[in-house]
Amino acid sequence: LVSALQAMCSHKKAALAITQLPDFLLPPPESPVANELVRPPMPAGADLIRMLAGGENRPYKKRSGVALEKNTLLGLVLRISTPKTNPAFSPTNILRQSLSSVEQTSNQQRQQLRIYQGACNQLVMSFVKAGPQARQKVMQWLVDCMLVNPGATAMRPDTSKVSSSAMLLNTSIVLLKLCEPFVLDEKKHHLIDPGFVSSAKDNHGVFPTRGDDS
């Protein structure tokens with residue numbers, strides 16, 4: 001699915017059209033809907049206490065890490081990772097397997113994840129290369145990702161406020177790939193502005209210089 005989306009977005013007009021969709025970005029922080037709650041439907045027969053404890057179906061704000069992951073295109077793409085329910089890594093099975101078998105399964109999952117992350121990188125690059133309007137939308141999505149996930153580094157992140165670790169990991173990979181062209185080429189090092197981190201105007205508040213998050 002992501003490969004098909006990337007192929008479509010290789011056409012600049014298609015990529016631009018997708019970035020203009022209403023749900024491509026979160027609502028702005030000052031908008032009236034930013035603090036509105038989304039209440040996911042409760043599956044039939046679900047254990048209410050267990051669901052609330054797990055955070056999967058807890059209400060979340062329309063501008064939050066959860067909304068970024070569940071309600072935006074890039075969030076839905078980047079949230080995919082290796083399955084948590086792989087029977088090969090269950091407590092009862094892993095102790096019965098040989099070291100080589102565990103390593104083989106781990107390598108297979110790493111390879112699958114590497115291929116998927118490559119497809120995600122190509123998709124983001126298609127948006128970046130689609131022109132200034134599309135590029136600005138993608139950059140705003142990345143800024144929003146940083147701004148709505150300050151609590152993701154906590155020992156026990158609030159799953160009703162922040163994105164999943166899988167989405168944040170994939171987003172980090174995308175950011176590193178975007179940096180690759182001018183980080184690896186010494187001739188482009190002069191393009192890196194060290195003042196970017198301390199300039200709230202340029203980094204849109206991603207790197208606060210005051211308060212608890214500084």
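**Stop one: the pocket**

Select the lining of the largest pocket and colour it by class: you get 17 nonpolar residues, five polar and three charged. (Ala, Val, Leu, Ile, Met, Phe, Trp, Tyr, Cys and Pro count as nonpolar, Asp, Glu, Lys and Arg as charged, and the others, Gly among them, as polar.) Remember that you're looking at a predicted model, where local features need pLDDT of at least 70 and side-chain atom pairs pLDDT 80 or more, while totals for chains, interfaces and linings use all residues. Numbering starts from 1 along each chain as its sequence is written, and side-chain values use heavy atoms, without hydrogens and water.

A pocket here is an open set of points on a 1 Å grid over the protein atoms alone, where a 1.4 Å probe fits and protein lies on both sides within 12 Å along at least five of seven lines; lining residues have an atom within 4 Å of a point. This one is lined by 25 residues, and M139, L175, C179, F182 and F196 lie nearest its centre. Helices α8 (132-147), α9 (165-184) and α10 (200-203) each give two or more residues to that lining.

**Stop two: a helix pair**

Now select α1 (residues 2-9) and α7 (residues 99-128), whose axes, lines fitted to C-alpha atoms over the stretch in contact, come within 9 Å and cross at roughly 25°. The two helices are therefore roughly parallel (an angle under 35 degrees).

Show side chains next: V2, S3, L5, Q6 and C9 of α1 meet α7 residues including Y116, L123 and F127, with contact meaning heavy atoms within 4.5 Å.

Conventions
Helix = DSSP H or I, 4+ residues; strand = E, 2+ residues; numbered from the N terminus. Axes fitted to C-alpha atoms, helices over the stretch in contact; angles between N-to-C directions. Parallel < 35°, antiparallel > 145°, perpendicular 65-115°, else oblique.
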